[in-house]
Amino acid sequence: MQHEEILHRCFRCGYCKLPGNYTDINCPAYLSFRFETYSPGGRMWLLRAWLDKKIDAGSRFAEIMFSCATCGNCVEHCAFPEFRDRLLLAFIAGKEALLEAGCAPPAVRDYLTKMQLHGNAYARPMKKSGEWARDLDLPAYSDQEYLFFTDDAGTWDPRGQEIARSVATLLRQANVSFGVIPQGLCSDGNDVGAMGETALFEELAKKNIDVLSKFNVRKIITLSPHSFNALKNDYPALGGAYQVFHYTQVLAFAMSRLTFSENSDPVKIAFHDPCYLGRHNADYASGRMMLQAVPGINLVEMDRNRNDALCCGGGGGNFFTDLLSGGDDSSARVRVREAADAGARILAVACPQCAVMLEDAVKVENLDQTLRVAEVSEIVMERVALTY
Ligand code: SF4
Ligand code: SF4
């Protein structure tokens with residue numbers, strides 16, 4: 001297994017499951033289950049025991065390994081700086097070894113099968129991948145500056161589609177030059193790669209790269225931080241080198257082109273950092289810049305923010321496989337309680353997966369009378385004076 005040599009050096013100090021001030025539990029898997037084996041250090045020891053043939057690859061072991069949300073908190077906070085580049089890679093390599101051993105939880109197998117057969121997690125025909133845009137009348141990509149790339153959730157999930165439509169509408173309102181490719185692009189594959197299915201990730205990525213080459217795409221705006229991560233960091237090694245931006249990164253610098261309606265009510269908003277924009281790609285500013293540019297918005301911070309943010313629990317494919325479950329201490333439920341404690345009336349998100357995870361949590365926590373989850377472009381659009 002790749003990165004095997006770091007496993008025996010972990011001494012289970014436990015810093016990796018905490019935020020920077022050590023006051024909370026910040027590993028979503030450990031938070032949900034409270035067994036040491038779910039913590040990053042526990043995973044290291046478990047993997048080592050398996051590789052040393054002291055334990056078998058049973059279903060429980062596989063569930064633990066695949067429950068990692070790849071949030072990157074352990075990478076950020078491991079006590080050994082030299083581990084940081086390889087910790088998550090070791091967990092992903094462990095999942096890859098388990099898949100090779102034929103040992104994957106049924107939900108993971110189902111997810112990967114859909115990806116293999118359909119190129120998306122919703123088992124939908126790819127010829128309908130432009131349906132999310134319906135009546136928006138978006139231009140087909142030709143010579144515009146950017147291609148707008150919607151991820152799996154933005155392309156197929158009903159709530160994700162609303163968000164994709166809102167972002168596209170705001171891009172147009174801000175005079176950003178972009179087009180869409182209505183057919184042929186499949187899932188970016190980020191979460192497939194995070195599950196250790198490297199060959200399938202490469203297959204999906206190469207299919208997308210073929211389409212992107214055909215259209216001579218050079219600059220891409222992604223809807224999802226997961227797509228942003230895959231296209232920016234992983235596609236170049238497979239022959240797909242583009243300038244890649246998350247939509248908040250483009251819109252943060254286009255906010256001055258917008259006119260806002262007067263008399264918007266002041267509102268307290270907390271921003272939830274998506275792991276694949278924040279910890280994985282060190283952008284904690286763009287989403288906040290968008291919100292701060294809107295009159296009447298009072299940005300408040302939750303206790304855990306930026307590199308200490310608590311993940312919504314949807315990463316690593318858990319959005320699709322639900323291996324973290326939705327118990328009392330699921331990170332999505334803890335996160336919305338934290339937003340309410342910060343006095344926020346709106347919890348702003350910049351990822352369709354975070355939106356769905358946290359909206360569900362608001363309902364389960366009975367917070368829907370006092371806290372609303374909304375995606376950043378939706379919040380901005382509610383206050384923009386439309387010019388078209
Ligand atoms: S902080 Fe690093 S050394 Fe300590 S338990 Fe976590 S992975 Fe192991
Ligand atoms: S990446 Fe996140 S969920 Fe996975 S072990 Fe590290 S802290 Fe836990």
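Before the first entry I note that axes are lines fitted to C-alpha atoms, for helices over the stretch in contact, and that angles run from 0 to 180 degrees between N-to-C directions. Helices (H or I, at least four residues) and strands (E, at least two) are DSSP runs, numbered from the N terminus.

The model is a predicted one, in which local features need pLDDT of at least 70 and side-chain atom pairs count only at pLDDT 80 or more, while totals for chains, interfaces and linings use all residues. Residues are numbered from 1 along each chain as its sequence is written, and chains are lettered from A and ligands numbered from 1 in the order in which they are written.

**Entry on two helices.** I looked up helix α15 (residues 331-341) and α16, and found that their axes come within 8 Å and cross at roughly 75°. The pair is therefore roughly perpendicular, a term for angles of 65 to 115 degrees. Counting a contact when C-beta atoms, placed from the backbone, lie within 7 Å, I listed Ala 332, Arg 333, Arg 335 and Val 336 on the α15 side, meeting Met 357, Leu 358, Asp 360, Ala 361, Val 362 and Val 364 of α16. These residues divide into seven nonpolar, no polar and three charged, where Ala, Val, Leu, Ile, Met, Phe, Trp, Tyr, Cys and Pro count as nonpolar, Asp, Glu, Lys and Arg as charged, and the others, Gly among them, as polar.

**Entry on the sheet.** In what order do the four strands of the open sheet run? I read the order as β6-β5-β7-β8, with parallel pairing, two strands being paired if DSSP finds at least two bridges between them. The edge strands, each pairing on one side only, are β6 (297-300) and β8 (372-375), and the twist averages 35° from one strand to the next. Between β5 (residues 267-271) and β7 (residues 346-349) I found three bridges, and Phe 271 has Ala 348 of β7 as its bridge partner. Helix α16 (residues 352-364) lies across β7 and β8, and runs at about 170° to β8.

**Entry on a covered helix.** Helix α11 (residues 225-234) has eight of its ten residues buried, which I took as 20 or more other C-beta atoms within 10 Å of a residue's own, with exposed meaning 12 or fewer and partly exposed in between. Among the buried residues are Pro 225, Phe 228 and Leu 231, and the buried residues pack against β1 (146-149), α9 (190-194), β3 (219-222) and β4 (243-246).

**Entry on the ligands.** I took a residue as near a ligand if its C-beta atom, placed from the backbone, lies within 6 Å of it. Around ligand 1 there are 15 residues, of which Cys 10, Cys 13, Cys 16, Gly 41 and Cys 78 come nearest, and α2 gives the most to this shell, with three residues. Around ligand 2 there are 13, the closest being Cys 27, Cys 68, Cys 71, Asn 73 and Cys 74; by class, this shell has nine nonpolar, three polar and one charged residues.

Is Thr 70 buried or exposed? With 28 C-beta neighbours inside 10 Å, Thr 70 counts as buried; its phi is near 45°, a positive value in a residue other than glycine. Asp 137, also not a glycine, has a positive phi of about 60°, and this residue is exposed, with 7 other C-beta atoms within 10 Å.

Conventions. Contact = placed C-beta atoms within 7 Å. Parallel < 35°, antiparallel > 145°, perpendicular 65-115°, else oblique.
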